[in-house]
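I opened this notebook to record what I looked up in the structure. The entries follow the order in which I consulted it.

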Amino acid sequence: MNWRTFSAVTAAMLIVPWGTYVARANPEISEENLTMQLSQMKHDKRGSRGRGMERLMQQLNLTPEQSEQIKAIKEQSKTETQALMQQMQTSRQEMRSLLASDSSPEQLRDRHQAVQNLHQELGTNRFETMLEIREVLTPEQRTQMAELIEQRREKFK
């Protein structure tokens with residue numbers, strides 16, 4: 001068993017009983033409610049990252065046409081990302097159920113691989129969105145954006 005698989009299984013074995021304990025200790029916290037709260041926390045994180053991207057775009061002095069094009073690209077990406085996130089959440093729930101059952105290691109490996117594939121697909125979706133936005137920018141704006149990103153990266157080191 002490789003280190004990643006071992007870590008994932010160990011983490012799941014620790015998280016599942018804790019989640020069960022919390023749910024039993026506090027009956028008004030349902031699995032759906034807990035999932036919604038976690039999803040909102042993740043959304044909040046992405047939202048702050050999105051605000052950073054908005055500030056970055058403002059600094060590039062986009063034309064109204066560029067702004068509209070980028071807005072459309074981001075909306076399309078958001079729709080795709082939400083669908084993938086829902087699939088990943090379902091796969092993770094299935095994996096937790098398999099961990100708690102008498103499932104074979106092969107079934108767990110298959111579900112783990114499905115989660116990993118969805119994670120990779122999300123990363124590819126982010127990259128493709130970045131490429132689409134990049135095509136909207138002028139060469140000067142691309143250079144300026146790279147400089148702004150580097151400044152931001154240095155700021156958070």
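**Entry 1**

I began with Arg 111, which counts as partly exposed at 22% relative accessibility. I noted at the outset that I am reading a predicted model.

I then asked which residue forms a salt bridge with Arg 111. It is Glu 94, and the closest N and O atoms of the pair are 3.3 Å apart. I located the two residues in the chain: Glu 94 lies in helix 3 (residues 64-100) and Arg 111 in helix 4 (residues 105-136). The pair is 17 residues apart and links distant parts of the chain.

**Entry 2: a pair inside helix 4**

I next looked up Arg 109, which forms a salt bridge with Glu 106. I recorded 3.8 Å between the closest N and O atoms of this pair. Both residues belong to helix 4, where they are three residues apart, so about one helical turn separates them. I checked the accessibility of each partner. Arg 109 has a relative accessible area of 43% and is partly exposed. Glu 106, at 46%, also counts as partly exposed.

**Entry 3: a network of salt bridges**

I turned to Arg 142 and found that its side chain meets that of Glu 135 in a salt bridge, at 3.9 Å from N to O. I then asked which residues are joined with this pair into one network through shared partners. The network consists of Arg 134, Glu 135 and Arg 142. Arg 142 is partly exposed, with a relative accessible area of 27%. Glu 135, at 54%, counts as exposed, because the cut-off for that class is over 50%. I also noted the total count of salt bridges, which comes to seven.

**Entry 4: helix 5**

I closed with helix 5, which spans residues 139-155 and has 17 residues. I read a reach of 25 Å from its first C-alpha to its last, close to the expected 24 Å. I asked which residues of helix 5 are buried. They are Gln 141, Met 145 and Leu 148. Viewed down the helix axis, the buried residues of helix 5 fall within an arc of 65°, and therefore they line one face of the helix. On the other side of helix 5, I found Pro 139 and Glu 140 to be exposed.

Note on methods: Residues are numbered from 1 along each chain as its sequence is written. This is a predicted model: local features need pLDDT of at least 70, side-chain atom pairs count only at pLDDT 80 or more; totals for chains, interfaces and linings use all residues. Side-chain values use heavy atoms; hydrogens and water are left out. Helices (H or I, at least four residues) and strands (E, at least two) are DSSP runs, numbered from the N terminus. The expected span of a helix is 1.5 Å times one less than its number of residues. Buried means under 20% relative accessible area, exposed over 50%, partly exposed in between (1.4 Å probe, protein chains only). The arc is that of the directions from the helix axis to the C-beta atoms. A salt bridge is a side-chain nitrogen of Lys or Arg within 4 Å of a carboxyl oxygen of Asp or Glu.
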